[in-house]
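Subject: Structure handover

Hello,

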Amino acid sequence: MTRSMRDFTQGEFDWQPWLAPLDLDAATDAQRAALKITPSNRAVGAYSLVLAHDPETLEQRSPLYNAIMFGAKGLPRAERELGAVVASRINGCAYCASVHAKRFTELTKVPEVMQRIQQDGAQASLEPRQKAIVDYAAKLTRDPAVITPADAAPLRAQGLSDIEILDLTHAVAMFAWANRLMQTLGEATTPACEGNPL
């Protein structure tokens with residue numbers, strides 16, 4: 001038995017689709033081709049199989065996601081994950097916030113950052129560069145219409161180049177989309193195991 005996730009965590013959990021995932025045995029050639037590149041370049045899961053109902057969109061979406069989150073140059077990957085966590089938490093997507101909090105911690109080996117964000121959200125006490133990234137990601141997520149050129153100044157003061165600011169903006173914007181897909185096509189659930197700490 002599973003239960004819905006209401007709180008953010010860095011723990012393991014599943015995502016339960018509300019739309020039936022594509023039956024691979026009945027997939028068209030276009031759907032199979034779109035599934036060759038998956039979000040995160042990992043295994044084909046239920047999420048990818050739901051998105052594969054629209055192979056034209058998935059075929060564009062997955063390479064874009066991978067370029068934004070895994071690009072070799074520009075903003076360090078952990079800081080892209082930090083932007084994704086802030087956007088996901090503000091958007092209320094427990095699944096994305098938790099998955100990307102875990103990835104940030106795996107990359108940095110510093111669990112205290114996500115522990116502080118779990119506890120205090122965008123108001124968490126962080127080192128200056130992380131705080132500038134969190135503040136920008138939070139403002140962009142809450143109200144993109146109020147962003148002005150002046151919002152880049154705190155990022156530049158912490159050493160972010162223009163391409164790094166663009167990478168961060170891409171990551172936050174990607175999760176405005178990704179969160180809504182995850183939240184409307186299914187729900188985060190805890191794994192069905194006794195004694196789960198979540």
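Below is what turned up, starting with the rings. Please keep in mind that this is a predicted model.

Aromatic rings

The structure holds 3 aromatic pairs. One of them joins Trp-15 and Tyr-47 in an edge-to-face arrangement. Their centres are 5.4 Å apart, with 85 degrees between the planes. Trp-15 belongs to strand S1 (residues 14-17), while Tyr-47 belongs to helix H2 (residues 46-51), so this pair ties together parts that are 32 residues apart in sequence. Both partners are worth a look for accessibility. Trp-15 is buried, at 9% relative accessibility. Tyr-47 is buried too, at 13%.

Elsewhere, Tyr-65, Phe-70 and Phe-175 make up one aromatic cluster.

There is also a charge over a ring. Arg-61 lies over the face of Trp-177, at 6.0 Å from the ring centre.

Cysteines

How many disulfides does a search of the whole structure find? The count is 0. The pair to check is Cys-93 and Cys-96. For Cys-93, the closest cysteine sulfur is that of Cys-96, at 3.4 Å. A disulfide needs the two sulfur atoms within 2.5 Å, so this distance is too far for a bond.

Best regards

How values were computed:
Residues numbered from 1 in each chain as written. Predicted model: local features only at pLDDT ≥ 70, side-chain atom pairs only at ≥ 80, totals over all residues. Heavy atoms only, no water. Phe/Tyr/Trp six-rings, centres within 6.5 Å; stacked < 30°, edge-to-face > 60°. Helix = DSSP H or I, 4+ residues; strand = E, 2+ residues; numbered from the N terminus. Buried < 20%, exposed > 50% of the residue type's maximum accessible area, 1.4 Å probe, protein only. Lys NZ or Arg CZ within 6 Å of the ring centre and 35° of its normal.
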